[in-house]
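Hi there,

Here is the structure I promised to pass on to you. Have a look at it first, and then read on for my notes.

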Amino acid sequence: MFTPLSSFLPHDLVLCPTSLHITPFSAAEVSASIARLNLRKAPGYDLIAGKVLQELPPAAVGLLTTIYNSILRLSYYPLLWKFAQIVMLPKPGKPPYDVASYRPISLLPIASKVFEKLHLKRLRSDVEISHVIPSYQFGFRTGHSPIQQAHRVVNEIVTSLEERALCTAVFLDVAQAFDKVWHIGLLYKLKNSLPGPYYLLLQSYLSDRYFQIRYNGMCNESYEVRSGVPQGGVLGHLLCLLFTADLQPTDYTTIATFARGS
């Protein structure tokens with residue numbers, strides 16, 4: 001009895017369309033990305049600061065490049081790079097006993113943030129992001145700003161008034177939008193809009209993520225992240241845009257969206 005090869009493959013791998021592998025990184029690309037690190041950024045739980053990476057010899061940069069390319073080849077994101085420490089910064093003039101009086105800052109390992117920047121560069125070069133993200137989304141996009149989006153909305157209103165047409169508006173502010181992204185729904189949309197290798201890597205990137213709270217030198221136990229996009233890196237913003245990219249306007253509606261980071 002013949003058994004199809006697909007029965008031995010992971011389910012997600014079977015459903016992903018055939019596509020080329022992601023182009024490996026060069027040591028020069030990794031070195032350039034490390035050189036552009038903001039040294040004022042705090043390190044993650046591993047305490048490896050950006051200055052440490054900038055002082056690495058060429059041989060160590062070559063080893064780091066090998067690790068990055070292995071992530072691309074295996075579509076596996078290291079578990080230790082998916083652990084975030086949340087630092088609670090008190091807001092001025094707010095009562096210290098209220099949870100809302102603190103601003104959480106997510107700290108990730110610097111090495112993982114370097115990889116995210118390199119991966120985002122590959123993603124933008126291999127995928128027509130402008131075709132995936134709708135034109136009405138003005139958040140985290142080059143050449144777009146909230147002022148331009150406001151002008152666009154005002155122009156729609158003025159045009160309707162000049163044509164003596166009815167014009168109604170609904171303004172929706174989603175609180176903590178980055179923390180409420182549904183992982184299953186996001187992965188479904190990524191599978192339909194991105195090449196297979198990118199989807200598989202982002203699937204590993206989102207799964208099995210953990211965090212702990214650090215306050216006054218004390219840390220609590222770790223908890224699994226069950227929703228939301230990872231914050232503290234650069235991929236979270238793009239993933240949030242892709243999650244909301246399927247809002248479809250009609251002939252009688254105009255959509256204007258803008259995502260803002262904390």
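Let me begin with a question: in which hand does H8 cross H9, left or right? The crossing of H8 past H9 is right-handed. Please keep in mind as you read that this is a predicted model.

To find the two helices, look for H8 at residues 183-193 and H9 at residues 196-206. Their axes lie 10 Å apart, and the packing angle is about 165 degrees. Angles over 145 degrees count as roughly antiparallel, and H8 and H9 are therefore roughly antiparallel to each other. On the H8 side, the contact is formed by His183, Leu186, Leu187, Leu190 and Lys191. H9 brings Tyr199, Leu202, Gln203 and Leu206 to it. Sorted by class, the contact of H8 with H9 holds 6 nonpolar, 2 polar and 1 charged residues.

Which strands does S1 pair with? One partner is S3 (residues 210-215), which pairs with S1 in the parallel sense over 5 bridges. Within that pairing, Phe83 has Tyr210 of S3 as its bridge partner. Another partner is S2 (residues 102-107), which runs antiparallel to S1 and is joined to it by 6 bridges. There, Tyr102 in S2 stands opposite Pro90.

I hope this helps you find your way around.

Best wishes

Conventions: Residues numbered from 1 in each chain as written. Predicted model: local features only at pLDDT ≥ 70, side-chain atom pairs only at ≥ 80, totals over all residues. Heavy atoms only, no water. Axes fitted to C-alpha atoms, helices over the stretch in contact; angles between N-to-C directions. Helix = DSSP H or I, 4+ residues; strand = E, 2+ residues; numbered from the N terminus. Parallel < 35°, antiparallel > 145°, perpendicular 65-115°, else oblique. Left-handed = near helix turned anticlockwise from the far one by under 90°. Contact = heavy atoms within 4.5 Å. Nonpolar A, V, L, I, M, F, W, Y, C, P; charged D, E, K, R; others polar. Pairing = 2+ DSSP bridges.
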